Amino acid sequence: RVLFRSYEVEDIEDARKWFEDLGKRILGPTRIGAHGTPIFFLHPKDMMGQLTEIMESPKAKDGESAAH
């Protein structure tokens, strides 16, 4: 059984580098996800058995994160 988690980050490239520097295995290239923002996935064996999606926060029209 695989569990799934998703986390939003401000900058997908910074997040990818951070996880790579920690030695986490990234599954494939960064790509555009269902919400139209860049995403990547981390291997479940590196994330306590959970498939983990890292998603860049959607941007508002003014360039600010829509979450603010």
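Visitor: Which residues make up the largest nonpolar core?

Guide: Nine in all: Val 9, Ile 12, Ala 15, Phe 19, Ile 26, Phe 40, Leu 42, Met 47 and Ile 54. Bear in mind that this is a predicted model, where local features need pLDDT of at least 70, side-chain atom pairs count only at pLDDT 80 or more, and totals for chains, interfaces and linings use all residues. Residues are numbered from 1 along each chain as its sequence is written, and side-chain values use heavy atoms, with hydrogens and water left out.

Visitor: What makes that set a nonpolar core?

Guide: The term means a set of buried Ala, Val, Leu, Ile, Met, Phe, Trp, Tyr and Cys residues joined through side-chain atoms within 4.5 Å. Helix 1 (12-21) and strand 3 (38-42) are the elements that give two or more residues to this core, and helix 1 gives the most, with three. Helices (H or I, at least four residues) and strands (E, at least two) are DSSP runs, numbered from the N terminus.

Visitor: Why is Glu 8 called partly exposed?

Guide: Its relative accessible area is 47%. Buried means under 20%, exposed over 50%, and partly exposed in between (1.4 Å probe, protein chains only), so 47% puts Glu 8 in the middle class.

Visitor: How do you know that the side chain of Glu 8 makes a polar contact with the side chain of Ser 57?

Guide: The value is 3.2 Å. A polar contact is a pair of N or O atoms within 3.5 Å; within protein, one must be able to donate a hydrogen and the other to accept it, and residues adjacent in sequence count only if both atoms are side-chain atoms. Glu 8 sits in strand 1 (residues 3-9).

Visitor: Why does Glu 53 have no salt bridge?

Guide: A salt bridge needs a side-chain nitrogen of Lys or Arg within 4 Å of a carboxyl oxygen of Asp or Glu. For buried Glu 53, the nearest side chain of opposite charge is Arg 31, 7.9 Å away, so there is no salt bridge. Lys and Arg count as positive and Asp and Glu as negative, while His and the chain ends are not counted.

Visitor: Which side chain makes a polar contact with the side chain of Glu 53?

Guide: Ser 6, at 2.7 Å. Glu 53 lies in strand 4 (residues 50-56).
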